[in-house]
Amino acid sequence: MPPARRPGAEAGRVVPVLVPVPSERPYSYRVPEGMHVEPGSIVQVPLGPRQVAGVVWEGESDVVDARKLREITHVFDCPPLDGPMRRFVDWVADYTLSPPGLVVRMALRAPVAFDPEPMIDGLRLTGGRPERMTPARLRVVETAAGGEDWTRSGLAGAAGVTASVVDGLIRAGAFDPVRLPPHPVVPAPDTAHARADLSPNQGAAAAELAARVEAGGFSVSLLEGVTGSGKTEVYFEAVARALDAGRQVLILLPEIALTQSFIDRFEARFGAPPAQWHSDVAPRTRERVWRQVAEGRVRVVAGARSALFLPFAKLGLVVVDEEHDPAYKQEDRTFYHARDMAVVRARGGGFPAILASATPSLETRVNARSGRYSHVTLDARYAAAALPTLSLVDMRRHPPARGSFVSPVLLTAIEETVARGEQALLFLNRRGYAPLTLCRVCGHRFQCPQCSTWLVDHRLRGTLQCHHCGHAERRPGACPACGTLDHLAACGPGVERIAEEMLERFPAARTILLSSDLPGGARRLRRELDAVAEGEADIVIGTQLVAKGHHFPLMTLVGAIDADLGLANGDPRAAERTFQLLHQVTGRAGRTGRASRGLIQTYCPEHPVMRAIEAGDPERFYERETMERERAGLPPFGRLAALIVSADTRREAEEHGRQLRLAAPDAEGIEVLGPAEAPLGVLRGRHRFRLLVQGGRGAAIQSFLREMTARAPRPRGSVQVQIDVDPQSFL
């Protein structure tokens, strides 16, 4: 009787393989005799002249003549992508109208990790004792007597001896060589390490979240609390319950700059840091994190939005910190919102999701109000620290001096704050020195040659720079149009200009500038944030990154320089984002119980956003904004999708936009607006037109877009079309 074949080893078996290219479906490949694959297996296949990694999939693939079928060349020794992860990839592709191959590519970003990490050399105590036993040798033997295996350097370090002492014991036969698994990227967290001393309000909130984790199953909880209320410590207790249940945890953070302070807080609670996943992590470390996540050895990951696509073995909880933050929206290749996709991943995996924020997005607020999400609130700061007293500074009544941008009211408050040995924070969401430079003689304005935007003056670098495409040029001394020397004028303020004003006004004060584009990158930024937290600065000037999750014990004054800046565009989310940003930044003050205040410079004190901020009444703002959105049929009471058409010439982009509009099917309740030239009409040398598709909350936007793009002519020449479902940016 012939031996039975293993499942998957049938000669000639054909399987679909999803490869990381913009294809609408998997490709068909033959499984060689003797090879075992299953759905989720990560394999190597020929694609044209190349060998690429792909994933064995389910469902339909392309139909290929049997004579042209190519074989899978290798199966990686790697845990397969499980069913929930594969369904997540399919769901993201279907929802965002992206090719599934581009989505799966985000799950295959560490190709070196597809093969196991190499074993390392280790030592095991034999029980034999050398003839000559020195005190140093005795310490080594006693350290290793517990029965565990050691590396040579690890044993020497633990025993407090040099490696030569260990080498001598090896030669004497006291140790046998063994092969050890590679070290974990991070130690395992200890849920009992340092339980937080929670207030009654925090304890009740933590118990509610922990109960949802212990109950299992899918749920979404909004953890809403005022700034400084201890939201992080509260959801840490839910993290602990998930870890106790043997599950893995993913915590999403919006900015790399936030990561280190969060890592420190996590390590203080659990005795070990989480693994990190973001662009600032070294490639080799990212590969090890990917592999150990897939094997279940990494228990907690703290990372940016792309961490959603890590192949967790036993994911049991996802937390989205600062869930309102626009940084969670990816607007490149595959357009997706990490907050929404985190909820989808939790639903597909059957586990809880927690969304945390002091200023939740309106979409999340409405879901909580309707009962789709549970709503857990923290309405007081920890240890009875008072919220700052907020006041509006009417710039029409208290204008700054000529050439200045800080009102006399705020200058007086800064002077008093610094005199008390406390810190003042000045917030302006505009990088560089000035947003525009022009010639006083001929009126020439410095514009980006590749984008329809002005060049930003960066005095510290001596450059004029475009913040959209990265173009930079040296700041000239003469006007390139008329040749006049020393008549270039900087128009409007950036943070560098505010820092210059503070240095002139308060020369004895220690002033520090925080901006994401300063030399030194994220590492320098973290050092400077630590310096502020340790009281090594008197006046801090920063962009929106200072509004996010930082704890500055001596900060008692926050001044918003140009609070109206975010309201000056047609973005339907402008009011919401301005409210969130101002609320977050003023929340940096008074977090340790000192009396504190926030001063908001505005030319529109009567605006509903300003009134809500001054009154400290977020409910008033949310109620009004909810009514406005519902009346206009905007999210979350309606659906939006954008089509961005770009081309090398304006004519090509506009013409294809019109053809798309003509191809729109008749659908009740769905309207197409445009094409219209985008507010940022030229980007990186490409002309851009936008169409906006608007429908009711239950509108089948994706089906509409598929039919629309299928009926329209295929993009030709330099024309490209990008689809953004649920757009966050309207530039």
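The predicted structure contains 35 salt bridges. One of these pairs Asp-94 with Arg-706, with a separation of 2.6 Å between the closest N and O atoms. Asp-94 belongs to helix H1 (residues 83–96) and Arg-706 to helix H19 (residues 701–711), so the contact ties together parts that lie 612 residues apart in sequence. With a relative accessible area of 45%, Asp-94 is classed as partly exposed. Arg-706 is likewise partly exposed, at 34% relative accessibility, because values between the cut-offs of 20% and 50% fall into this class.

A further salt bridge links the side chains of Arg-396 and Asp-394, where the N to O distance is 3.1 Å. Asp-394 has a relative accessibility of 15% and is therefore counted as buried, the limit for this class being under 20%.

In helix H17 (residues 618–632), Glu-628 and Arg-631 are three residues apart, which means that about one helical turn separates them. Their side chains form a salt bridge with an N to O distance of 3.3 Å. The accessibility of Glu-628 is 34%, so this residue is partly exposed. Arg-631, by contrast, has a relative accessible area of 62% and is classed as exposed. Salt bridges also occur as a connected set: Arg-650, Glu-654, Arg-658 and Glu-677 are joined into one network through shared partners.

Two cis peptide bonds are described here. The bond between Pro-635 and Pro-636 is cis, with omega of about 10°. Pro-636 occupies the loop between H17 and strand E28 (638–647). The peptide bond between Gly-674 and Pro-675 is also cis, and its omega is about 10°. In this case the proline, Pro-675, is placed in strand E29 (residues 670–683), whereas Pro-636 is placed in a loop.

Positive phi angles were considered next. Glu-322, although not a glycine, adopts a positive phi of about 50°. This residue is situated in the loop between strand E12 (315–321) and strand E13 (329–332). At a relative accessibility of 11%, Glu-322 is counted as buried. Arg-684 is another non-glycine residue with a positive phi, here of about 55°. The position of Arg-684 is in the loop between E29 and strand E30 (686–696).

Definitions and conventions: Residues are numbered from 1 along each chain as its sequence is written. This is a predicted model: local features need pLDDT of at least 70, side-chain atom pairs count only at pLDDT 80 or more; totals for chains, interfaces and linings use all residues. Side-chain values use heavy atoms; hydrogens and water are left out. A salt bridge is a side-chain nitrogen of Lys or Arg within 4 Å of a carboxyl oxygen of Asp or Glu. Helices (H or I, at least four residues) and strands (E, at least two) are DSSP runs, numbered from the N terminus. Buried means under 20% relative accessible area, exposed over 50%, partly exposed in between (1.4 Å probe, protein chains only).
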